[in-house]
Amino acid sequence: MTAPTKPSPGGPSDPAASGVPLHAPVIDWFDEHARDLPWRRPEAGAWGVMVSEFMLQQTPVSRVQPVYEQWLARWPRPADLAKEAPGEAVRAWGRLGYPRRALRLHGAAAAITERHGGDVPADHAQLLALPGIGEYTAAAVASFAYGQRHPVLDTNVRRVFARAVTGVQYPPNATTAAERKLARALLPDEEARAARWAAASMELGALVCTAKNESCHRCPIASRCAWRLAGKPAHDGPPRRGQTYAGTDRQVRGRLLAVLREATGPVPQAALDQVWQEPVQRARALDGLVADGLVEPLADGLYRLPLS
DNA sequence: AACCCGTGGGC
DNA sequence: TGCCCAAGGGT
């Protein structure tokens, strides 16, 4: 007896047996529904793409957009950012969150200026070697900026694959070898089409196949989605651990850095002391910021964003 | 592998 | 309101 909810593989009702590759309807959908984002315009260039990828790590598009515009206007090339003090990058980062990304972007700009003649490298391994660039971002820059063929596995794509192909509501907590294998298997052969597929599958996850309240009625592959065909079974595995925030060091760090960002000159310790009552945690948070290179301690209990 | 790292908006 | 989520990376 075969499972009633699952079509027999290769049989006439098997959605994958249609002969149409998964990417075809998704790319067609993307042609019509892609958002007009600044880093997708041709004039953004590889540097624009790279800046956007740093900013978009764990941060929604709506919050990135204005900061991105200001950033590119001020530092149109990597060398322009490289010659600034790192603290200026941290200040311009504003309230995007995870300010270490600003420091890494500054470091990446410096490395690009030194090692690659000021041009964002097109080589995946060279991208991966830059600070702040991991597996996802290296593939994303190589694909979006240079049209190369790489599996681009971000949280959106992983969710689309989990549902459409694997038939589960959510992907595993950490990217698995099976997911990488699947991503590679689904990649179109032709280079430009592979790059288009990467952007299209991400967009589908961002706009339609969202974490909550997915809109299957707008999905170009709903008719062949394994999760939907199985009746959308709820996620069963271990719950993803919630990220508590209130009362954590992260909150304290955020408050300390906010004071330093908004100050024009060095800030006395007494001013920083006012952002948090508990002295042990407060000191630990400040030490952490200094250790991370986000804050520079001066003599006489003064602090500032790093000049070097 | 598990944990750390910010911030704000939606429900 | 509190919880969940958002184009991850580094250790």
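Which residue forms a salt bridge with Arg100, and how many Å apart are the closest N and O atoms? The partner is Asp292, with the closest N and O atoms 3.8 Å apart. This is a predicted model. The legends below cover the whole chain, then selected close-ups.

**Figure 1. Chain A has 15 helices and three strands.** The C-alpha trace of chain A spans about 80 × 45 × 30 Å along its principal axes. The chain has 308 residues, and 44% of them count as buried. Among contacts between residues at least 6 apart in sequence, 63% join residues at least 24 apart. Chain A exposes about 15,900 Å². Carbon and sulfur atoms supply 54% of that area. The chain carries 37 positive and 31 negative side chains. The centres of these two sets lie 6 Å apart.

**Figure 2. Arg100 and Asp292 form a salt bridge.** Arg100 lies in helix α6, residues 100-115. Asp292 sits in the loop between α15 (279-291) and β2 (296-297). The two parts are 192 residues apart in sequence, so the pair ties them together. Arg100 is partly exposed, at 39% relative accessible area. Asp292 also counts as partly exposed, at 28%.

**Figure 3. Arg284 and Asp249 meet in a salt bridge.** The N to O distance is 2.8 Å. The pair links distant parts of the chain, 35 residues apart. Arg284 belongs to helix α15. Asp249 belongs to helix α13, residues 249-262. Arg284 has a relative accessible area of 45% and is partly exposed. Asp249 is partly exposed as well, at 25%.

**Figure 4. Arg304 forms a salt bridge with Glu296.** The closest N and O atoms are 2.8 Å apart.

**Figure 5. Salt bridges link Arg74, Glu84, Glu88 and Arg91 in a network.** A search of the whole structure finds 18 salt bridges.

**Figure 6. Glu179 is a buried residue in the chain.** Glu179 is placed in helix α10, residues 177-186. Its relative accessibility is 11%, so Glu179 counts as buried. Which side chain does Glu179 join in a polar contact of 2.7 Å? That side chain belongs to Arg158. Not counting residues up to four places away in sequence, Glu179 touches Leu153, Arg158, Pro171, Pro172 and Ala174.

Note on methods. Residues are numbered from 1 along each chain as its sequence is written. Chains are lettered from A and ligands numbered from 1 in the order in which they are written. This is a predicted model: local features need pLDDT of at least 70, side-chain atom pairs count only at pLDDT 80 or more; totals for chains, interfaces and linings use all residues. Side-chain values use heavy atoms; hydrogens and water are left out. Helices (H or I, at least four residues) and strands (E, at least two) are DSSP runs, numbered from the N terminus. Buried means under 20% relative accessible area, exposed over 50%, partly exposed in between (1.4 Å probe, protein chains only). A polar contact is a pair of N or O atoms within 3.5 Å; within protein, one must be able to donate a hydrogen and the other to accept it, and residues adjacent in sequence count only if both atoms are side-chain atoms. Contact means heavy atoms within 4.5 Å. Accessible areas come from the Shrake-Rupley method with a 1.4 Å probe; for residues, only the protein chains shown count as cover. Lys and Arg count as positive and Asp and Glu as negative; His and the chain ends are not counted. The place of a charge is taken as NZ of Lys, CZ of Arg, CG of Asp or CD of Glu. A salt bridge is a side-chain nitrogen of Lys or Arg within 4 Å of a carboxyl oxygen of Asp or Glu.
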